[in-house]
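Okay, thanks for coming, everyone. Let me put the structure up and walk you through a few parts of it.

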Amino acid sequence: MKRREFIKSILGFFLTPIFKNEIISNLIISTFKYGKNKYGMVIDISKCIGCGRCVKACKEENDVPDLPFYFRTWIERYLIFEDGEVYVESPNGGIEGFKRLNPPKKIAKAFFVPKLCNQCEEPPCVQVCPVGATYETDDGVVLIDKKYCIGCGYCVQACPYGARYFHPKTKTPDKCTFCYHRIKKGLLPVCVLVCPQNARIFGKIDDPESPVYKYIKDYPLQVLKPYLRTHPKVYYKDMDMEVR
Amino acid sequence: MEINNLYDALRSIQGFIYPNEIELRWSILIVLYPYITGLVAGAFILASLEKVFEIKEVKPTYRLSLLTSLSFLISAPIPLLFHITHPLRGFEIFLTPHLSSAMAIFGFVYIWYLMAILIIEIWLEYRKDIIEWSKRKKGIKGILYKILTLGVDEINEEIENFDAKFGKGIAIIGIPSAILLHGYVGFIFGSVKANPWWSSVIMPIIFLFSAMVSGIALVIFVYMILKYLKGKPLEISCLDTMAKYLLYAIIIDFSLEMLDLLQRIYEAEEFFDMLQVLIKGKLFISLFIIQIIIGAILPILFLGYIQIFNASDSAKKFTYFIVSLMVLIGIFATRWNVVIGGQLFSKSLRGLTIYKIGLIGREGIYVSFGLILLPFIILAFLIWLLPFEEKNKL
Amino acid sequence: MKKFGKYSHIKRLFGIYFGFLFLFLILRPFLIPKSFGKFGHYRASSIDENINLNTKYADIKDCKECHEKEYNDVMNFSHKNLNCQICHGALSNHLESPDEFKPNIVSQKSFCLLCHAEIEARPSSIKQIDEKEHFKDEECISCHLPHSPNLK
């Protein structure tokens, strides 16, 4: 009898998860589950014209130094040629727009990709801060405590998206905050405000009235580097496989 | 990096990098910190060979290993203090350590290792001599010895035996402590999933074994120089044993590093194309020439030859000296390749940036040289205060 | 001659160590910032510090109240969905003291071309011109007024 019970328990350990669907569906965490009452942004790549107004406005609003090394948000241009070569550039972050290149090869497809801090739900930058100088608020925005930061730079290393930079004046890291000082007063982030094509859509992820919710429901969306399990809250519509 | 260097870097990037990646945050100071803590751990492991594993041949270098470990440990936080931009807030690591961060345990591991392991072990080892010297010496040395006795200026055989046993206990705890002191640095790099060059399970292990290699090489190097400066003869059996363990350690370390490289080449994940550009280009000299050939292959060949075929005493001494120097340089290159190499890599997997190091400035070459010299200056002071020769009881 | 016990040196050493430890534990609550740990492992007052920053871009949909003519111009043409601040820059200052802070008035060709130059990767949803072909020596505003860009 004892042997039979033992074998049963071993089989149970290995077989049970297959028959319990709740476990599996809980493993694959959906946007709606971790986006509860949190801000998110959708970027519609097919609409971005690469004018760079968002980069300019962001630098003005948030006191980002006007040098080509520091960006809270930036635009990348991808040119995919017919022979398969991919050319990516971001001249001064796209702040002065992009130039006509007239490449010798024929272009198969090309597009602009605006980038910014993805406000990850499991931010690796918060995980590695040794003193607790960066944190995620209850409404989903990752902020930096510049008065407490010691400037070790570990968070800059840990961000998979290159969203953080070292501010030369405060000598601490800095990054996009979804214009937290604006959204808490009911305003929009400036990059969303000044986009001439409405390529950036902002709102609460799980609020049915919010445009973000509608985009999530209506279109297939992607996030950057999903395999790193950071659960970003910036979603890209019409993102090509070449985008990193 | 200063603004001028940044403009230079902007002109020299290869491929595409995220705009914020132009500035390399972790400079040569962050190469120095793992290097120095590696030497601390390695020198301590060598000392514990005698104390814990009772390998008698290395007894002449027991005290020297401990003093070397201490002098490098004292200088270890200095590169960090120079690097963080708000050093006056550095104490926040003790007040509110964020325990999900590997870096947060720096404060505790450092204090534990310094106070509970190294200081106690050195103190117990030297206590009998310190008590004698406190009675006989005058002047500054006398005062220092009196302070070091903590007022207890008598010793007898029973207490000596207790000291020896307690010291052995501390040395036994010291081995995992030394492993933690340097292993957590490896984990700091190995746990960064954003960086494919760093993110690896084997990173803490590689750090540990290269630390052991560099520590043993350092003690050989310092021992030979000190004996030469004092005009004293070298105990060849001690050197032979140290060189033997150095050879074993280099073989294990080299195998681990090659295993890591081989696995990355075999699995050839997304970053592999950029990795090839990096190691065949910017990192070629520091990886293939310095780290692999000078730091590992040549030492293995030389030491292996001596192990198998033997050689004359003077040839051995010369080889040991050259090999220890080569290893020290090779392990520095290892740290450089990990820290700087990993940051040259863009996370866009499409480009490489450059690292421009200045001469002057807080993170420049002059400061780095100073920081490498500092532990030797501290060591000189410690040897003046606590001579390490067994027979020197003046 | 004092007589020391077997462990007195160890006791003294650990005495010193524990002394430092107690000192640290006593001082620690005074050194940690007060709002630390309220919501998580961070200084809670930093949230307010992040909220209380100046907004330079104003919360305006249009500038109808003071600039009705321009508003009517824009609303009839293809620039009607653009926020005024895209071309005129941050307007918070101007809203507060309109005479002190005058906004930008852009008229250079280079500005129009930021959106309207024909470059690689730009989707056709926006009207674009090849700057080498389309009246390359003339200013855009000779024919297209920014508020009513359809041909004069």
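Between chain B and chain A there are 30 residue pairs in polar contact, both partners at pLDDT 80 or more. By polar contact I mean a pair of N or O atoms within 3.5 Å; within protein, one must be able to donate a hydrogen and the other to accept it, and residues adjacent in sequence count only if both atoms are side-chain atoms. On the chain B side, helix H1 (3–12) and helix H5 (92–95) each supply at least two of the residues that touch chain A. H1(B) gives the most, with 4 residues. Helices here are DSSP runs of H or I, at least four residues, and strands are runs of E, at least two, numbered from the N terminus. Split by class, that side of chain B has 19 nonpolar, 12 polar and 8 charged residues. For the classes, Ala, Val, Leu, Ile, Met, Phe, Trp, Tyr, Cys and Pro count as nonpolar, Asp, Glu, Lys and Arg as charged, and the others, Gly among them, as polar.

A word on what you're looking at: this is a predicted model, where local features need pLDDT of at least 70, side-chain atom pairs count only at pLDDT 80 or more, and totals for chains, interfaces and linings use all residues. Residues are numbered from 1 along each chain as its sequence is written, chains are lettered from A and ligands numbered from 1 in the order written, and side-chain values use heavy atoms, with hydrogens and water left out.

Back to that interface. In total, 39 residues of chain B are in contact with 52 residues of chain A, contact being heavy atoms within 4.5 Å. They bury about 3800 Å², with carbon and sulfur atoms giving 55%; that's the accessible area (1.4 Å probe) the two parts lose on being put together, summed over both. The rule also finds 2 salt bridges between chain B and chain A, meaning a side-chain nitrogen of Lys or Arg within 4 Å of a carboxyl oxygen of Asp or Glu. Arg350(B) and Glu242(A) form a salt bridge, closest N and O atoms 2.7 Å apart.

Now, how about chain A and chain C? Here 47 residues from chain A meet 34 residues from chain C, burying about 3400 Å², 58% of it on carbon and sulfur atoms. Ile49(A), Arg100(A) and Tyr135(A) supply 17% of the area chain A buries there, more than any other three residues. Arg100(A) also makes a salt bridge with Glu118(C), at 3.5 Å, N to O.

Last stop, helix H7 of chain B, residues 139–148. Which of its residues are buried? Lys141(B), Gly142(B) and Tyr145(B), where buried means under 20% relative accessible area, exposed over 50%, and partly exposed in between (1.4 Å probe, protein chains only). Down the helix axis they fall within an arc of 100°, so they line one face of H7(B); the arc is taken from the directions from the axis to the C-beta atoms. That face packs against helix H6 (106–136) and helix H14 (365–385) of chain B. On the other side, Ile140(B), Ile143(B), Lys146(B) and Ile147(B) are exposed. After H7(B) comes Leu150(B), with a positive phi near 55°.
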